[in-house]
Amino acid sequence: MARISTYTIDSTVEGSDKLLGTDANSSSALATKNYTIDSLKTYIIGDGNTVNNIPDSVPLGFFLSVNREGTAYEKSLVRTLKSSVLTNVVLKSSTVNTGTDIYLNTLGTGQVFLIIRDYNDGQFALDYDLADFATNSATFTGVLGGVTYTGTVTSYNTPTFTSASPAANDSKYTVNGANKYTDWCFNVTLNETYTGGQVAFTEFTFLTGSQQIETQVIGDLRVTRDLIVDKGDVTIGTASPDTDPRNLNMHGAIKMEDAESTIVFGSNAVTLGTDVSNLLVSGTGSNIISNSTRFTQDLVVDSNTTANDGRTIMGQNTVTAIATNGNRAVLSATGISLQNSSGVPTGAQIAAVAGNPTDLSGLVNEGTLTKLQVGTNYYTLPELNSGVAAILPGLSETLAGPSGNITMGRMFYGTRQSNGALFQAVTSPASVAGISITSGSTSVITSTSNFASVNTVFGATPTNQSLYFVESTYTTAFPAQGQLINDTSVNIYQVITTNDTNNSFTFGKQGSGTITINTSEFDVGSEVIKFNSIPTAAKSNFLYYDTSTKAVSHNPLTVLASANGANYDFGGNSDVPVASIDFNNLIVTAAGANGAVVLKQGYEYGGALTADATAVAWKYYILSNITADKTLTLPAGVVGDSIKFTNLSAFDANGTYTQSAYAWTINPNGSEKIMRTTSLVLDEQTSSFELYYTDAANGWVINGIS
């Protein structure tokens, strides 16, 4: 067999070249195997799908180069290993091409600068330690314009990261059209005098002091195994993040596997860490969440299980506040519950109630809250025996029951109105059987099964609606959804509360009942007060207080309803002063001997008429200038009705008087009369008068207005 040394040497290495070696897995120690250089490369560095078979750690230094193109110099170097100081390093000559130009420059101040223009996008800094040129007092020689200059580097002019326009002769990264280069700038002293501008050397050599960087990575650094920094910090960006921010972009997990692994935020040292089992957030600063946050598991505010310490536990459907004595307030999806230290409820569930007192004494049957805590003080609330009226001082409500014995009929959901309820839907079940209600009752105790049916329907009442029932004698079909069930024509009853301790429920007759306001002064701050109806009534216990004489009189008060207003009769009490009463569209007659005040309907403005029209009683009209004869028709007469007129037909729009050739005619309604005749033609075109209806014989009569 020929010896390897006798084979022809192939100086060109290709990936398909085969090498000869021994198969370690063969049973025979003499088994041989050939493999290509490409397969050896794949085995060492991997092919993207397999694990690389390189050592777990590399005991060599490395650096990272980050270069973002732009007008500002932005380059960061990290080096961990330097080599020896070299001598006679040739950068520019007829035989050496390093991709750099070297310049001398001066600002005219006597200071000379050495500029190394690196066209390899920073490659020169990858090969040499820039600061050590000054530290080592590197010496150089070079030929510039046929003259030889020698000198020494005194300092390295570092780049200004925070400025897009660094000072002259500071190191910088430059993009000039298609050209991209880096100027490394140094302050130097020359043994010869130089006063020229920026001129390039034709030859240049560093004689001494060139600190070489031996370990380097050019291009992207790809870490395919763990990167372990066992000492020191890893800093992303610079010391001025406001002007030169940097980001750390992760496409995998950040693992903190022991108690010493933390992430520290800001100057308040807010720390995110772990005790191996739990996530811990600590530090002097506050934790502020400014966006929506959703918890899919229970959130325990304090893991302390000692009841006397007090704590709050938040879950998906409940919030439990545990007081220092162990008592609990639980807010859940179904309402608020007060519990003792064992978790046993101390009162019924109450919906939408704030300020539960921690002494538990404020909650009584049916969920009525009688105490309200504000700060450290407790305030007693007035008790309402139905819970329908709002909680206001001095306000109470008494429900009304049926006027006779009834049997409960169908149930329905409705929206409460002042005159009944707007029907919404029939309940399910629609009715229950055998619930008898006695006259005047506002609650009834029923069987367990019937109570369960009513309680279920009551608990399912839709938002902003109420549960009602009618009497069994009402069998007419309910109206369409949204239509009114008027409580003046149908007796309907609103269910107020249910009580599962005795299988009863409370209700009130809609449109009846009494709300009582007990207050020393009733102040109505409204521009309009409406009395939809004024009943006829007489009371013998009217109490009147005269503020001028400080006298108190006890006399009857009579209220009489009438079409035109109301008569308020103070029953012969001559001590009642009536100075004035001012109601819109009402007139006041003089007080009688018994102090009676009569309010009569006044006049509303009917407008300025220029066309045929029909008048309305108790209005005041202006008959304006017209260009043709016009007719105003009166309404049907009612004894006591009045209409007022002012005839301005002789005045034009500018107020100029000219007797008009046209006239207004006022006609009665149908067969009625005006001053015992059929019509009235107004030949006096500047008059004001009243038409007052007396009777069928005379009809409307004319009263002059002074």
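Select R117 and D183: both residues are buried (buried means under 20% relative accessible area, exposed over 50%, and partly exposed in between, with a 1.4 Å probe and protein chains only). Their side chains meet in a salt bridge, 2.9 Å from N to O. A salt bridge here is a side-chain nitrogen of Lys or Arg within 4 Å of a carboxyl oxygen of Asp or Glu. This pair links distant parts of the chain, with R117 in strand β8 (residues 112-118) and D183 in strand β12 (residues 179-190), 66 residues apart. Helices (H or I, at least four residues) and strands (E, at least two) are DSSP runs, numbered from the N terminus.

The model is predicted: local features need pLDDT of at least 70 and side-chain atom pairs count only at pLDDT 80 or more, while totals for chains, interfaces and linings use all residues. Residues are numbered from 1 along each chain as its sequence is written, and side-chain values use heavy atoms, with hydrogens and water left out.

Next, select K92 and D101. They form a salt bridge in which the closest N and O atoms are 3.2 Å apart. K92 counts as partly exposed, at 22% relative accessibility. A search of the whole structure finds 2 salt bridges.

Move to A138, in the loop between α3 (130-135) and β9 (139-144). A138 is buried, with a relative accessible area of 0%. Leaving out residues up to four places away in sequence, A138 touches F133, G151, T152, V153, F206, T208 and G209; contact means heavy atoms within 4.5 Å.

For a stop on the surface, select L19, Y35 and L40. These residues form a nonpolar patch with about 220 Å² of accessible area together. Patches are made of residues with over 30% relative accessible area and no salt bridge, with like charges joined within 9 Å and nonpolar side chains (Val, Leu, Ile, Met, Phe, Trp, Tyr) within 5 Å. Accessible areas come from the Shrake-Rupley method with a 1.4 Å probe, and for residues only the protein chains shown count as cover. L40 is found in helix α1 (residues 37-45) and is partly exposed, with a relative accessible area of 36%.

Then show residues 318-322 and 328-332. These are strands β21 and β22, which run antiparallel and are joined by 5 bridges; two strands pair if DSSP finds at least two bridges between them. A321 has A329 in β22 as its bridge partner. The two strands, β21 and β22, form a hairpin with 5 residues between them, and G326 in the turn has a positive phi of about 95°.

The remaining stops concern the backbone. Select S428 and P429, which are joined by a cis peptide bond with omega of about 5°. P429 lies in strand β28 (residues 420-431).

Continue to N464, in the loop between α4 (448-459) and β31 (466-471). N464 is not a glycine, yet it has a positive phi of about 65°. Is N464 buried or exposed? N464 is exposed, with a relative accessible area of 70%.

Finish at W618, in the loop between β42 (613-614) and β43 (619-623). W618 is also a residue other than glycine with a positive phi, near 65°. W618 is buried, with a relative accessible area of 17%.
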